[in-house]
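Please look over the structure below.

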Amino acid sequence: MNIEQQIKSLRNELREHNYNYYVLDTPTISDFEFDQKLKQLQDLEKAHPEFYDANSPTLRVGGEITKNFETIPHTYRMYSLDNSYSKEDLEDWEKRIEKMVDGKVEFTCELKYDGASISLTYENGKLKKAVTRGDGFQGDDVTANVKTIRSIPLHLKGDFPSLFDIRGEIVLPFEGFAKMNTERVELGEEPYRNPRNTASGSLKLQDSSEVAKRPLDCLLYSLKGERLPIKTQFESLEKARQWGFKVPEAARLAKNLDEVLEFVNYWDVHRHKLPYETDGVVVKVNNLQQQEELGYTAKSPRWAMAYKFKAEQVSTVLNQITYQVGRTGAITPVANLVPVELAGTIVKRASLHNADQIEKLDIREGDTVFVEKGGEIIPKIIGVDFTQRDPSSNSTKYITECPECGTPLVRNEGEAQHYCPNAEGCPPQIIGRIQHFISRKAMDIEGLGGETVALLVNNGLINNYADLYLLKEEQIIPLERMAQKSAENMIKGIEASKEIPFERVLFGLGIRYVGETVAKKLAKHYKTIDALKHASEEELITVDEIGERIAQSVVSFFASEESSAIIERLKNYGVQLEISAEKLANQTNTLNGNTFVVSGVFTKVSRDELKKLIEDNGGKISSSISAKTNYVVAGDNMGPSKKTKAESLGVAIISEDDFLQMIS
Ligand SMILES: [Zn+2]
């Protein structure tokens, strides 16, 4: 097989695996094998830019930056649907359409997904364009971002028409949404409000590699085109499925309105088990000929109707607004409600998000409020029943001082949240930081839990995480619910945490915006806490993936005398504040200050080993050649464009042997 055939065959294979995994949900190879093959294709493509394909599976990881999204017209207008809310509404609709068409009317019933609408254009089986709904006549070209969504085929299979559009909804499954929020909260950022807005916001991110990291999915269900080989909506779903699209299984052909209502009633109950948010059913006249006869009103098709499920909503009384202080000092107002049943659970509290939200709702203590459960994990208050308001009530005054320590709150420009700036003296911040330090992904201290941390702080035994290492059994035993055994275990657990590697300690310190991944990068780059402490903002930014916001946060953390003192103490107690000697033994500074680009195939070491050697010896790796590149390590089959570029910039091209010589 020549290189071109090899590339093509890998692409086909990866497409098939991608389809099995993301569309059918039945993978046939392991993730590891998939990654190996993808890596192989990436390497071949890099070495052979002449075989570039805009729809290669390697482009799923993104990387393209869109500064301004171009507005482009839809070939077929994207109409919105009329809504119905009852059986009677649907019966009226059926009567209206039966008068307008000949013959018996059958319906296709589909679920209505709550996401961001998208229109995809395919030409000769390849994805050409992806455009948002916009105003229905024109939308934004988000093709680069949409290509990163794995369930959207870039290449079709079977007997697809040469040109057509397909429409659907880009959704964020509940599970992925919850995971994204956990990560955000860990970084001290405000969680996203709901899956729909997060999905549509994701489509407009400038960096497509950021979009690629989000667990977006795409459900498709509507074909548009000239002379398509189909006669009914139900058939079009089957066809689209055959061409490789992810078409929801929850669709049914209904012979009459009774069957439509059966579908509606079934899903009104069972939709809560679906992995996505749904808010209704879409009923369409099945026969496309009849659809054409019915046509459109000014804003919607006459042949389709959305049936909206009743939002699960109840009214209850707001007893009191209280304020929570988080680990980073962020204040969250909480509505404490008279307990009420909603969607099968008893609701007592709801988040009010921030001061703006309270003002917008004009919500007051004693008000009767409407509570709804949507995609959010926590129920939300959607409004006030003003008819029930006590005329003598006063509008809510947002707190100006921390409810826990009395410090005046601050609100940074452009931020929705108020903060308590008293990081060192505010009890929930102190407790929150220690809880973060001992958490599973950080120091993972066995025998010590979040509630015990609060108990220890409230009893004056500890005030920061360094204090943990001074705790004695006899101090702990007298505490409530503590026995000899549990005290012993705790001390043992704390002692054992001295073996936790530097990168996790660094994460545990709780520097704002320094999550697990960033902590790893910083630990690897600086190797010791002292080196990191002395890094300037300008230096930090040069580290891979470290932006201005993180750099600022790191610098201000180490600028605090309090933090510096705590770190000195941790060091004295034997906590790992540098990469262990064993790990360092394989590392040198030989290549310090040099940036390398690796291209081609190597014989003595693998590409990955080569990259590791560069990093372990202090060098930096870049994926593209620029004026900042010092060396290109060229293997066999180095891409001709890379070669030309390196030569024109005067970058040294060295062989594998030259490189190994450099570090020996
Ligand atoms: Zn405070």
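Is S208 buried or exposed? S208 is buried, with a relative accessible area of 1%. Buried means under 20% relative accessible area, exposed over 50%, and partly exposed in between (1.4 Å probe, protein chains only).

This is a predicted model, in which local features need pLDDT of at least 70, side-chain atom pairs count only at pLDDT 80 or more, and totals for chains, interfaces and linings use all residues. Residues are numbered from 1 along each chain as its sequence is written, and side-chain values use heavy atoms, with hydrogens and water left out.

**Two residues and their surroundings**

S208 lies in helix 7 (residues 208–213). Helices (H or I, at least four residues) and strands (E, at least two) are DSSP runs, numbered from the N terminus. Leaving aside neighbours within four places in sequence, S208 is in contact with V61, G62, G63, E64, A144, N145 and T148. Contact means heavy atoms within 4.5 Å.

L253 belongs to strand 9. L253 is partly exposed, at 27% relative accessible area. With neighbours within four places in sequence left aside, the contacts of L253 include F107, F234 and N286. L253 and D268 are 15 residues apart along the chain, and their C-alpha atoms are separated by 18 Å.

**The zinc site**

Four cysteines hold the zinc ion: C402, C405, C420 and C426 donate through SG at 2.2 to 2.4 Å. Donors are N, O and S atoms within 2.8 Å of the metal (3.2 Å for Na, K and Ca); water is not among the atoms, so sites may look incomplete. The donor spacing along the chain is C-x2-C-x14-C-x5-C. C402 and C420 both lie in the loop between strand 16 (380–384) and helix 12 (427–438), so the pair ties together parts that are 18 residues apart in sequence. Both C402 and C420 are buried. The site is tetrahedral, with angles of 102 to 114° among its four donor atoms. Four donors count as tetrahedral if all angles lie between 85 and 135 degrees.

Two strands pair if DSSP finds at least two bridges between them. Axes are lines fitted to C-alpha atoms, for helices over the stretch in contact, and angles run from 0 to 180 degrees between N-to-C directions.

Another open sheet has four strands in the order 5-4-7-8, with antiparallel pairing. Strand 5 (126–132) and strand 8 (217–224) each have a single partner strand, so one side of each is left without a neighbour in the sheet. Neighbouring strands here are turned by 30° against each other on average, direction ignored.

| Strand | Partner strand | Bridges |
|---|---|---|
| Strand 3 (residues 107–113) | Strand 10 (residues 278–285) | Seven bridges |
| Strand 4 (residues 116–123) | Strand 7 (residues 163–171) | Eight bridges |

L111 stands opposite V281 in strand 10. T121 stands opposite D165 in strand 7.

**The cores**

The largest nonpolar core has 65 residues, and F107, L120 and F245 have the most contacts inside it. Helix 9 (residues 257–270) gives the most to this core, with six residues. A second, separate core of 57 residues includes I434, M490, F507 and L577. A nonpolar core is a set of buried Ala, Val, Leu, Ile, Met, Phe, Trp, Tyr and Cys residues joined through side-chain atoms within 4.5 Å.

Technical notes
Four donors count as tetrahedral if all angles lie between 85 and 135 degrees; four count as square planar and six as octahedral if opposite donors are over 155 degrees apart and all others between 65 and 115; anything else is irregular.
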